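The tour goes from one selection to the next.

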Amino acid sequence: SDEATQQLRDSLLLLETKKYSEAIGELSEFLRDHADHPLAETAQYLLGECYFHQGEMQLAREEYQRVLV
């Protein structure tokens, strides 16, 4: 839906402005509410990026692996 796409855009803006904790919350909510959305894989990857930038390498790796499954 357009709402889901806007939510992902908002998450990306948070990521780009280094508001990683907020982005993680938004992306997690997106994935919970829109797991079957065509952009869910993108959201999963961006979640990994947030954890990576926070230095949470294990969490980042787990999110990246979910994209590959």
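Which residues does His34 touch, not counting residues up to four places away in sequence? Select His34 in this predicted model and show its surroundings: with that exclusion, the residues touched are Ala4, Gln7 and Ala40. His34 sits in the loop between helix 2 (20-33) and helix 3 (40-53). Is His34 buried or exposed? Its relative accessibility is 18%, and buried means under 20%, so His34 counts as buried.

**Helix 1 and helix 3**

Helix 1 passes helix 3 in a left-handed crossing.

Now show the side chains where these helices meet:

- On helix 1, pick Leu8, Leu12 and Leu15.
- On helix 3, pick Thr42, Ala43, Leu46, Glu49, Cys50 and His53.

What kinds of residue make up the contact of helix 1 with helix 3? Six are nonpolar, two are polar and one is charged.

**Leu12**

Stay on helix 1 and select Leu12, which is found there. With a relative accessibility of 33%, Leu12 counts as partly exposed. Use the distance tool from Leu12 to Ala40: these residues are 28 apart along the chain, and their C-alpha atoms are separated by 13 Å.

**Glu49**

Move to Glu49 in helix 3. Glu49 is one of the residues through which helix 3 contacts helix 1. Is Glu49 buried or exposed? Its relative accessible area is 18%, so Glu49 is buried.

Which residues does Glu49 touch, leaving out those up to four places away in sequence? They are Leu15 and Tyr64. Leu15 belongs to the helix 1 side of the contact with helix 3. For Tyr64, zoom in on the side chains: the side chain of Glu49 makes a polar contact with that of Tyr64, at 2.4 Å.

Glu49 and Ala60 are 11 residues apart in sequence, and the distance between them in space is 6.6 Å, C-alpha to C-alpha.

Notes:
Residues are numbered from 1 along each chain as its sequence is written. This is a predicted model: local features need pLDDT of at least 70, side-chain atom pairs count only at pLDDT 80 or more; totals for chains, interfaces and linings use all residues. Side-chain values use heavy atoms; hydrogens and water are left out. Helices (H or I, at least four residues) and strands (E, at least two) are DSSP runs, numbered from the N terminus. Buried means under 20% relative accessible area, exposed over 50%, partly exposed in between (1.4 Å probe, protein chains only). Contact means heavy atoms within 4.5 Å. A polar contact is a pair of N or O atoms within 3.5 Å; within protein, one must be able to donate a hydrogen and the other to accept it, and residues adjacent in sequence count only if both atoms are side-chain atoms. A crossing is left-handed if the near helix is turned anticlockwise from the far one by less than a right angle, and right-handed if clockwise. Ala, Val, Leu, Ile, Met, Phe, Trp, Tyr, Cys and Pro count as nonpolar, Asp, Glu, Lys and Arg as charged, and the others, Gly among them, as polar.
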